[in-house]
Amino acid sequence: MLNVEKRNGNVVEFENEKIEIAITKAMRETEDGIDESLAKEIASSIEQELKQQETVSIEKIQDLVELHLMKTRPDVARKYIIYREERAKLREQGWDMTDLQRDIYEKKYRYDNESFEEFLDRVSGGNSPIKKAIKDKKFMPAGRILAGRGLDKFGRKITLSNCYVMPKVEDNIESIFDTAKYLARTYSYGGGCGLTLSKLRPKGARVNNAAATTTGAVSFMDLYSLVTGLIGMRGRRGALMLNLDCNHPDIEDFINVKNDLEKVNFANISVNIDDEFMKAVKNNEEYELYFKVEATGEEIRKKIDAKRLFRVLAKNNWNMAEPGILYKNKIDSWHLMSEDDQFEFAGVNPCAEETLPPFGSCNLASINLSEFVKDPFTKYARFEFEKFEEMVRNGVIYLNEILDENMLLHPLPQQREMSEKLRQIGLGIMGAADTFIKLGIRYGSDESLSLIHQIGKCFINEALRQSAMLAKEEGPFPDYRAEKVLESPFLLANADNDILELIKKYGLRNSQLLTIPPTGSISTLIGCSNGLEPIFQVSYTRKSESLHHEDTYYKVFTPIVKDYMDKNNITKEEDLPSFFTTTSNLDYKERIHVQSVWQEYIDASISSTVNVPNEFTVEDVEGLYMYAWEEGLKGITIYRDGCARSGILITDKKDKDKLDRIDELQREIDELAQAHLLEDPDTCPMCGGKLNHSGGCAECQDCGYSPCSI
């Protein structure tokens with residue numbers, strides 16, 4: 001039997017079909033096109049030439065392919081040689097990258113001058129299908145995995161989970177400050193956090209201590225924001241999501257807190273909206289705010305005009321791009337554990353794509369849908385469902401490998417325990433907008449929605465299938481209760497009959513499977529559209545806040561636009577066809593339709609920002625939020641072009657002053673910490689723990705704070 005030695009030293013069985021595929025790919029790029037019979041003939045001839053050998057190198061086989069093609073199809077030989085050269089360059093240097101992409105790779109993800117091949121080996125962990133998928137830009141793990149996998153052997157304490165959710169803060173001083181400690185520890189390991197404040201008694205409620213009344217839930221927001229700003233991480237700051245239930249008596253103060261630019265600068269905020277509130281808004285009715293203080297028995301009730309509070313929420317989002325909205329009833333009812341009365345969500349992660357229990361965490365990775373379009377930009381373009389389904393199964397396997405490897409890398413023992421009991425993973429997608437463009441479909445059209453239904457159905461069923469097969473081999477997740485999971489409306493609405501039978505027989509290895517994260521850095525790294533979002537603009541300026549000591553601005557041309565123009569010999573942007581929809585010309589209802597259809601097949605949530613023009617009114621914001629609720633979204637936020645709080649994406653450099661404000665505040669916090677260190681250099685300014693000094697700096701033995709990391 002003939003074997004092939006690959007470049008990594010692995011030996012596999014010879015398959016002449018792979019030679020046929022490689023030749024056919026090269027033929028596709030020529031004017032004369034594909035000659036399948038010739039491809040088969042060359043593959044068979046090479047097999048005959050090598051049959052007397054036991055093992056042959058991959059390079060030898062490729063040399064023979066070149067020789068045969070030079071004799072029969074020199075035009076194909078040229079394409080094949082170019083392809084080999086490109087792959088050799090890829091192994092050594094990585095993908096062709098813009099300055100921004102190179103910065104992201106070098107500053108955030110590459111470790112200690114490793115080669116691109118070493119980077120792939122480290123991130124894939126020896127999983128060959130995943131390594132190839134990353135190399136081909138079909139699959140990309142999230143940032144924590146890219147930056148941290150494999151570094152534990154060098155003594156680095158880095159979690160592979162992008163996100164965590166803390167328990168809801170209990171209404172006592174111990175819980176309030178324990179939570180600050182938990183946040184600090186989690187940030188020091190590289191994780192972002194979500195935190196719900198709804199259990200904290202409202203402003204003016206009685207307390208049994210030296211103060212007569214409490215300052216309220218909102219007063220502690222800056223404490224948690226300050227923790228987030230203080231704990232630095234390689235390549236980015238800490239990330240925090242604070243949220244509050246809409247029936248909390250402090251809700252209006254919470255909504256208005258970010259109108260003061262000096263407050264809560266290191267956290268996003270969102271409001272947990274229930275169906276009762278939305279119905280009250282729709283019917284122009286009153287809504288009751290209510291809180292019972294368990295420690296004193298005091299009950300606080302207040303009737304409000306629901307429509308007026310909804311206007312306050314909309315106006316703040318219109319002006320400051322916050323708070324976002326989380327639709328609580330949909331979140332609680334549309335997932336695999338919805339019928340399990342022993343399970344409860346504690347909140348969402350900083351980008352709101354992960355709904356998680358107390359101390360819950362999730363490992364993330366995303367599939368680039370656009371790389372599964374065959375013959376893009378042509379009338380023959382089509383989506384390769386079988387290859388996508390295989391990628392989904394491989395993605396579930398990979399994230400379970402990451403979950404097991406990460407079990408001892410969580411910052412807190414409670415996080416390790418929860419990860420083991422529930423085994424939550426988050427396989428997502430990106431490149432959705434690019435997929436539509438490659439297929440000649442307008443984003444938001446009926447045709448695009450139909451395609452989402454097809455992809456989404458495959459997505460959830462293949463993920464469930466693979467999780468069930470893993471359960472067959474290793475058992476279901478420890479907290480699995482079959483009678484509850486099998487009653488899940490989400491499961492019953494989406495699982496095909498054969499998948500249901502597999503789950504009934506074997507259970508599921510994971511309690512959560514799918515999500516759609518924002519994929520900001522990783523989609524930029526490989527040059528595809530992020531998450532499910534439409535393309536932002538044909539070209540734009542991007543600010544990088546964390547890759548350099550000072551802000552850097554990049555002029556970015558959307559890759560899919562450039563690819564299309566090059567392919568079709570278009571030189572003017574105005575000559576692009578109408579299916580090149582951007583955030584500036586997409587109707588918000590079509591944008592919500594897209595998210596609504598995706599949400600049918602996603603058991604976690606979707607990170608989503610609807611970009612709207614400057615002339616969008618407060619009334620329009622109200623209409624958008626109402627429509628999003630009616631369409632069954634789990635959450636959404638809005639960014640209005642030119643609003644008071646500019647975002648990371650800008651179209652005009654005159655907004656630079658606004659973007660610099662956050663860095664001024666960071667420096668002020670840094671100065672406060674440094675002042676404390678001058679007074680007491682052996683005590684951590686964050687948690688009061690002992691600072692261990694070594695290597696010219698110091699690190700807190702308790703929370704991981706280091707003045708050198710600010």
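This tour walks through a predicted model, stop by stop.

**Before you start**

Residues are numbered from 1 along each chain as its sequence is written, and this is a predicted model in which local features need pLDDT of at least 70, side-chain atom pairs count only at pLDDT 80 or more, and totals for chains, interfaces and linings use all residues. Side-chain values use heavy atoms, with hydrogens and water left out.

**Stop 1**

Select residues 3–5, which form strand S1. Helices (H or I, at least four residues) and strands (E, at least two) are DSSP runs, numbered from the N terminus. The three strands make an open sheet in the order S2-S1-S3, with mixed pairing. Neighbouring strands here are turned by 35° against each other on average, direction ignored. Axes are lines fitted to C-alpha atoms, for helices over the stretch in contact, and angles run from 0 to 180 degrees between N-to-C directions.

Strands of a sheet pair through backbone hydrogen bonds, either parallel or antiparallel. Which sense joins S1 and S2? They pair in the antiparallel sense, over three bridges. Two strands count as paired if DSSP finds at least two bridges between them. Click Glu5: Val11 in S2 stands opposite.

**Stop 1: the helix across the sheet**

Select residues 58–72, helix H3. H3 lies across S1 and S3, and runs at about 70° to S3. The 15 residues of H3 should span 21 Å at 1.5 Å a residue, and its end C-alpha atoms are 21 Å apart, which agrees. The expected span is 1.5 Å times one less than the number of residues.

Color the buried residues of H3: Ile61, Gln62, Leu64, Val65, Glu66, His68 and Leu69. Buried means under 20% relative accessible area, exposed over 50%, partly exposed in between (1.4 Å probe, protein chains only). What covers them? The cover includes S1, S3, helix H1 (16–28), helix H2 (36–50) and helix H4 (74–93).

**Stop 2**

Jump to residues 268–273, strand S10. Five of its six residues are buried. Met241 stands opposite Asn268 in S10. On the other pairing, S10 joins strand S13 (residues 324–327), parallel again, over four bridges. There, Ile273 stands opposite Tyr327.

**Stop 3: Arg110**

Select Arg110, in the loop between helix H5 (99–109) and helix H6 (116–124). Arg110 counts as buried because its relative accessibility is 19%. Its side chain makes a polar contact of 2.8 Å with the side chain of Glu106. A polar contact is a pair of N or O atoms within 3.5 Å; within protein, one must be able to donate a hydrogen and the other to accept it, and residues adjacent in sequence count only if both atoms are side-chain atoms.

**Stop 4: Ser370**

Go to the loop between strand S16 (360–368) and strand S17 (373–374), and pick Ser370. Is Ser370 buried or exposed? At 3% relative accessibility, Ser370 counts as buried. A 2.7 Å polar contact joins its side chain to that of Asn368. Leaving aside neighbours within four places in sequence, Ser370 is in contact (heavy atoms within 4.5 Å) with Gly431, Asp434, Thr435, Lys438 and Cys528.
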